[in-house]
Amino acid sequence: MADLSPQMPRAGVDYPQTFGQFQDWFSTDEACLEYLAKLRWPDGFVCPKCSGRDCWRTGAGLWMCRGCSRRTSVTAGTIFDRTRTPLRTWFAAVWFVTSQKNGVSALGLQRVLGFGSYETAWAWMHKLRRAMVRPDRDLLSGTVEVDESFIGGVARGMPGLGPDKVSVLIAAEHLDHNRIGRIRLEPGPADRRLALVKFGQRVVAPGSTIRTDGARQLRRFADLGYKHEYFTQLGSDIPAHVNMPAVHMAASQLKRWIDGTLHQGISREQLAYYLDEFSFRFNRRTSTSRGLLFYRLLQQAVNTGPKPLKTLVSSAFTD
């Protein structure tokens with residue numbers, strides 16, 4: 001099975017290349033535990049108490065540190081912490097979520113895995129979404145378009161089209177030949193004053209070129225360590241999507257994804273995590289291997305803290 005070497009992950013070596021290979025690799029929970037251990041400790045076991053590296057496996061499947069006798073579970077402190085569901089089922093969920101180009105809804109996950117409860121599928125989807133974005137991910141750079149878009153049909157407890165519009169802040173790298181690079185998305189705050197400026201500072205590397213519309217407040221970017229280019233739309237014959245194609249493409253695809261995959265059924269309280277999932281998928285859209293996405297999501301899952309159901313639930317289960 002996988003050796004998970006520190007170089008670029010390799011299909012058929014570090015991650016399964018096909019569904020058949022996935023089934024062969026992860027036919028037992030023990031195989032899943034071993035795989036997670038190599039993802040969590042790529043350079044070998046490290047005791048969370050004394051940082052010791054010498055260990056042995058107990059009969060219960062724990063890692064026992066020879067230095068301080070601390071017993072550690074590979075799932076402790078991860079999104080799999082205290083799970084009573086076989087890891088094989090978790091791995092199947094991750095494979096299914098990443099192998100579908102546009103993702104799945106909680107209802108789709110419930111059906112394919114045979115969960116008796118929609119709430120379980122909803123919680124699993126949100127646990128996985130929490131693992132889709134690394135807190136230390138690189139800032140956008142080069143030429144970056146920054147703008148605000150609005151999506152509809154986001155209303156608490158309403159699975160259908162809602163009456164209100166919700167602001168989404170978008171930053172997208174504009175590459176040559178009008179190609180789009182990486183994106184960052186955040187829900188717009190209630191106080192929209194300088195929201196785009198603060199967002200740009202969080203997600204764009206200083207020294208980059210930021211392109212915006214002609215809003216006067218956005219011209220502050222020029223004083224914040226960025227080269228600022230702006231296009232005044234008022235009175236212009238040039239459509240906005242021509243001057244800023246990257247953010248418009250990202251916004252358009254986000255809306256289609258919400259309509260086609262989630263069928264507009266998302267809650268305002270969880271919007272940030274749906275945006276994280278869309279970003280995860282969009283930024284890896286050119287990947288030719290769905291198995292690599294499986295690898296990346298599991299890699300981030302073992303570095304994401306536990307997410308008990310009570311911390312995920314606001315008041316409604318929608319998607």
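Start with the whole protein chain in view: among its contacts (heavy atoms within 4.5 Å) between residues at least 6 apart in sequence, 60% join residues at least 24 apart. You are looking at a predicted model, where local features need pLDDT of at least 70, side-chain atom pairs count only at pLDDT 80 or more, and totals for chains, interfaces and linings use all residues. Residues are numbered from 1 along each chain as its sequence is written, and side-chain values use heavy atoms, leaving out hydrogens and water.

Now colour by secondary structure. The protein chain has 11 helices and 8 strands; these are DSSP runs numbered from the N terminus, helices being H or I with at least four residues and strands E with at least two. Of the 319 residues, 45% are buried (under 20% relative accessible area, with exposed over 50% and partly exposed in between; 1.4 Å probe, protein chains only).

**The cores**

Next, select Tyr35, Leu36, Phe80, Phe91, Leu254, Phe294 and Leu298. In the largest nonpolar core, which has 68 residues, these touch the most other members. A nonpolar core is a set of buried Ala, Val, Leu, Ile, Met, Phe, Trp, Tyr and Cys residues joined through side-chain atoms within 4.5 Å. Apart from that core lies another, of 15 residues, including Leu169, Ala171, Phe199 and Leu218.

Go back to Phe91 and show its surroundings. Leaving out residues up to four places away in sequence, Phe91 touches Phe22, Phe26, Cys32, Tyr35, Leu36, Phe294 and Leu298.

Select strand 1 (55-57) and strand 3 (71-72), the edge strands, each pairing on one side only. They belong to an open sheet of 3 strands in the order 1-2-3, with antiparallel pairing. Two strands pair if DSSP finds at least two bridges between them; strand 1 and strand 2 (residues 63-65) have 3. Zoom in on Arg57, and you will find Trp63 of strand 2 opposite.

**Two helices crossing**

Show helix 5 (residues 118-130) with helix 9 (residues 271-282). They pack at about 65°, with axes 9 Å apart; axes are lines fitted to C-alpha atoms over the stretch in contact, and angles run from 0 to 180 degrees between N-to-C directions.

**Last stop: Phe231**

Finish in strand 8 (residues 227-231), where Phe231 is found. Phe231 is partly exposed, at a relative accessible area of 25%. Beyond neighbours within four places in sequence, Phe231 is in contact with Arg211, Thr212, Asp213, Gly214, Asn243 and Met244.
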